[in-house]
Amino acid sequence: MRTRRKFGWLTAALLTAGLVTGSSAVGAATSYVHAQGDLVDFQLSSYNATDGASAELWGVASDGSTAFRVFFTGLDPAAAGARFGVHIHVGPCVAGNGTAAGPHYNTGGPASTSTEVWLDFTVRAGGYGYATTTVPFVIAPGAAQSMVIHALPTAPGGAAGARQACLPVSFAVT
Ligand SMILES: [Cu+2]
């Protein structure tokens with residue numbers, strides 16, 4: 001009984017935290033996002049290190065900022081050491097059509113790690129990779145639909161080379 005009551009407290013605290021986020025200045029913005037699956041290939045006729053890979057992404061919003069974590073598996077181990085640019089984009093993942101993912105999600109300022117979600121990662125021996133970032137904003141439901149993996153690291157200004165692959169991400173009210 002005692003343990004149950006403690007658990008009840010924890011649940012109540014978590015729910016309260018969620019409500020606080022939901023009723024803050026960011027309004028109806030999502031408080032939590034999770035996406036997992038095989039990457040959608042943008043370059044169907046050519047091979048790259050993301051072919052056959054998968055990813056799992058988490059984003060947790062709190063007090064107007066969002067902490068993102070992403071983990072990649074199934075990357076080509078032969079590409080170990082390569083670094084790829086990754087961003088949240090506004091459009092959907094469409095196989096063979098990187099353009100459909102549209103531009104980066106951007107809060108309105110010059111492209112940077114504080115106006116966009118950048119999750120560049122390095123391919124590790126064994127074919128995995130990971131990245132984290134915390135941004136000073138919360139993405140509203142429906143305002144972004146994808147995480148795009150590029151062929152090059154993100155340069156100042158946001159360019160990162162060809163679009164290689166994509167993970168569908170549903171920013172929805174939770
Ligand atoms: Cu991008």
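Colleague: How many bridges join β3 to β4?

Modeller: There are 9 bridges between β3 and β4, and the two run antiparallel. Strands here are DSSP runs of E, at least two residues long, numbered from the N terminus, and two strands pair if DSSP finds at least two bridges between them. Keep in mind that this is a predicted model: local features need pLDDT of at least 70, side-chain atom pairs count only at pLDDT 80 or more, and totals for chains, interfaces and linings use all residues. Residues are numbered from 1 along each chain as its sequence is written.

Colleague: Which residue is the bridge partner of V60 in β4?

Modeller: That's A67.

Colleague: And what happens in the hairpin of β3 and β4?

Modeller: It has 2 residues between the strands, and D63 takes a positive phi near 50 degrees.

Colleague: What's the strand order in the open sheet?

Modeller: β1-β3-β4-β8, 4 strands with antiparallel pairing. β1 (32-38) and β8 (129-135) are the edge strands, each pairing on one side only. From one strand to the next the twist averages 5 degrees, using axes that are lines fitted to C-alpha atoms and angles that run from 0 to 180 degrees between N-to-C directions.

Colleague: Why does S62 count as partly exposed?

Modeller: Because it has 16 other C-beta atoms within 10 Å.

Colleague: OK, the core. How many residues does the largest nonpolar one have?

Modeller: It has 36, and L39, V86, M147, C166, L167 and V169 have the most contacts inside it. Such a core is a set of buried Ala, Val, Leu, Ile, Met, Phe, Trp, Tyr and Cys residues joined through C-beta atoms within 7 Å. Strands supplying at least two residues each include β3 (54-62) and β9 (146-150).

Colleague: What is M147 in contact with?

Modeller: Leaving aside neighbours within four places in sequence, L57, V86, I88, C166, L167 and V169. Contact means C-beta atoms, placed from the backbone, within 7 Å.

Terms used: Buried ≥ 20, exposed ≤ 12 C-beta atoms within 10 Å, placed from the backbone. Contact = placed C-beta atoms within 7 Å.
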